[in-house]
Amino acid sequence: MAAARVTIEDVARRAGVSNMTVSNVVNRRPGRVGEATRQRVQQAIDELGYRVNVTARQLRSGRTGTVGLAVPELTSGYFVELGHRLAERLAAHGLRLVLERTAGDLAAELDALSASRLDAYDGFVLSVVAGDAEALDSISPATPVVLIGEQTVPDRFDHVLMDNVDGARQATAALLASGARRIVLLGGSDDPAWSMPRLRTQGYRDAHRRAGAAVDEELVRSSSFTAGAAQQVVTDLAAEGRDFDAVFALTDSAALGALRALADLGRAVPGEVQVVGFDDVAAGRFSTPRLSTVDPGNEAMADAICDLLLERMAGDVDRPARVVMPPARLVLRESTRFS
């Protein structure tokens, strides 16, 4: 037979205090209980093995104690590290982070913002990949929501995004300044439907234009952003006999795939081919050689996401929505000659 659950009344009887006093101790209400009484109540809690009924507390408060984060992929180093940053910050406020996967699918993104799904959370963060302002226009969630990503979104949502254009411009300009002239754009695309690749491609083209350098369109290669896909693209370029002296990969995962391909091809990095990524994920600090990359403001974005969400969760629902875009910063390591 299961042991009877210890109640707050049991603790109160053991400590010789009222139920309210125990409640004040359990809920850490400063100033309402003297230190000697608090210690006596805590001793009774420890002796009896009392545990707070979290479900009951949440029902009384109308809070779940959780925040949701929906991202396209759970295998992406960037999104894994974003989840870690948010979880650490939210834990300081007594909140847990729950991850969901949308696979970059519009229906999944819209479903993540449905009332039935959001009821499970006190706040929600959605990485918007397939959606845009038109698709999201009819959604007005009661739960606080922060949107992240480069798609245009309705101006009533708090929105945190990267400076993709300037980050890509910095990376490409540095390669050009180092003497590179045939720079592969790995994952590039001018398709307006895909905001992140299009914006980073824009930065790549802007840097060439400002330097008076021509873009070889044969070196602008579309690709998924996995290491395996990027490795294959670089291998194919070499098999085609394409001449290139640098690779700007639109994600660090793709850059790591490029490094693997170049090693297999016997091409020295950075002596023969320089490589720059984008995202500043941890793996790039341990690759051989260490990867030069663009830090899009990872820590500042995590701070902004949490600050905006916590403000809304605290009841600040009437303030105008805010857009936060931290500056990008080029991080120079061993895979380039300008470090």
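Start by selecting Val11 and everything it touches: leaving out residues up to four places away in sequence, its contacts (heavy atoms within 4.5 Å) are Val6, Val22, Val41, Ala44, Ile45, Leu48 and Tyr50. You're looking at a predicted model, where local features need pLDDT of at least 70 and side-chain atom pairs count only at pLDDT 80 or more, while totals for chains, interfaces and linings use all residues. Residues are numbered from 1 along each chain as its sequence is written, and side-chain values use heavy atoms, with hydrogens and water left out.

Stay on Val11 for a moment. Is Val11 buried or exposed? With 0% relative accessibility, Val11 counts as buried (under 20% relative accessible area; exposed is over 50%, partly exposed is in between, with a 1.4 Å probe and protein chains only). Now show the C-alpha atoms of Val11 and Val41: they sit 30 residues apart along the chain, and 7.1 Å separates them.

Next, select residues 8–15. That's helix α1, where Val11, Ala12 and Ala15 are buried. (Helices are DSSP runs of H or I, at least four residues, and strands are runs of E, at least two, numbered from the N terminus.) Look down the axis of α1: its buried residues fall within an arc of 100 degrees, so they line one face of the helix. The arc is that of the directions from the helix axis to the C-beta atoms. Why can residues three or four places apart point the same way? An α-helix has 3.6 residues a turn, so they do.

Then click on Gly16, which follows α1 and has a positive phi, near 70 degrees.

Now jump to residues 195–211, helix α10, and pick Ser195. Ser195 has a relative accessible area of 8%, so that residue is buried too. Its contacts are Glu150 and Gln151, again not counting residues up to four places away in sequence.

Finally, zoom out to the whole chain. How many helices and strands are there? The chain has 13 helices and 12 strands. Its radius of gyration is 26 Å, well over the 20 Å that the globule rule gives for 339 residues, so the chain is more spread out than a compact globule. (That radius is taken over C-alpha atoms, and the rule is 2.2 Å times the number of residues to the power 0.38.) Along the principal axes, the C-alpha atoms fill a box of roughly 85 × 45 × 40 Å. Of the 339 residues, 48% count as buried.
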